[in-house]
Amino acid sequence: MTAPAAGLDTRAAPPDARRPVRARPTSRRWRAVLWGALGVLALAALWELYKLVGPADGWLVGAQEGVTGSGIRLLPRTSDQAMPHTWDMVARIIEPVTRARGALPLGVVVLLAALTSLGVAALGWLVGVIVGFALALLMLGFRIAERAVLPFVILSQTVPLIALAPLIRNWGSRLEFGAFSWESWMSVVIIASYLAFFPVAVGALRGLQSPDAAHLDLMRSYAAGWWTTLFRLRLPASVPFLIPALRLAAANAVVGTVVAEISVGFSGGIGRLILETAVAASSDPAKPWAPIFGAVLLGLVAAGFVALLAAFLSPFRRQETVA
């Protein structure tokens, strides 16, 4: 046996010293917040840079002299009316919404409208999740149902939303059940759930079908029934597929709510406020951007809720898979 070389420590390093140092969850969260803030600042800087160097009238190609609306605009205009400064948009949020005495600040009005839309979008998301998961269970249990239903689930998303909204409102107004009356917000919920159910149905079906054949054979060897296999094996295995589907469903519910509020005339929401403030764009160009920021905030809240749900289901999220 050879003697150890001089100057070398032959003692084994402690186990903790050999492990790679991982960032703490708190530091990762703050790092994500920092990168998000830097992204917003970079977007604002890009906005101001283009406003500084871009053409005031934009770049119009193929315009015919004397013909209004002709040509294709490849670059947007940089005038104060078309592109207000970012600090003007931020300052407009804290100013009164109108010149009337006692008018609320524009930011407060936007926040109230966003809360209204958030409640409607949350209800639409919940209905969409229930319907989508029910369809996934139906297609899982019956192979003929998967072949018959899945193509129609995919084709349903090809219907233009702007054309579907008035039809749903018209059909809903014809429903009569005693003292029940169809409200406009119900049409918005139906449209939001219509966009939300599709990713849940597809993602849940892929997740429920994801367990290996060996695991399914093991459950059969234990004489486990269909429901036992569903709750003990298929549902935990579907979480990595289901979380991205729920995130996409939340975004679709927000988009569907904003568009539906404009289409069906639902007042009080952020979508209707966007339409109302757009009328004042010529005299108050910074005003229409406040409800747009409110819609962005609405989407961030929806994504944050799904992130909290994902944290609750973190024991099952071994590897997140995009559906």
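Predicted model: local features only at pLDDT ≥ 70, side-chain atom pairs only at ≥ 80, totals over all residues.

I started with salt bridges and got a count of five, taking one as a side-chain nitrogen of Lys or Arg within 4 Å of a carboxyl oxygen of Asp or Glu. Residues are numbered from 1 along each chain as its sequence is written, and side-chain values use heavy atoms, with hydrogens and water left out.

I looked at D80 and K51, a salt bridge with the closest N and O atoms 2.8 Å apart. This pair links distant parts of the chain, 29 residues apart: D80 sits in the loop between β2 (72-75) and α3 (86-93), K51 in helix α2 (residues 25-53). Helices here are DSSP runs (H or I, at least four residues), as are strands (E, at least two), numbered from the N terminus.

Next I checked α5 (residues 143-155) against α7 (residues 184-208): the angle is about 145° and the axes are 10 Å apart. Axes are lines fitted to C-alpha atoms over the stretch in contact, with angles from 0 to 180 degrees between N-to-C directions. From α5, I listed E146, L150, V153 and I154 in the contact, and from α7, F197, F198, A201 and L205; contact means heavy atoms within 4.5 Å.

Last, I found a nonpolar surface patch with about 940 Å² of accessible area together, L115 and F293 among its residues. Patch members have over 30% relative accessible area and no salt bridge, nonpolar side chains (Val, Leu, Ile, Met, Phe, Trp, Tyr) being joined within 5 Å; areas are Shrake-Rupley with a 1.4 Å probe, only the protein chains shown counting as cover for residues. I see α11 giving the largest share, six residues.

Methods:
Patch = residues over 30% accessible without salt bridge, like charges linked within 9 Å, V, L, I, M, F, W, Y side chains within 5 Å.
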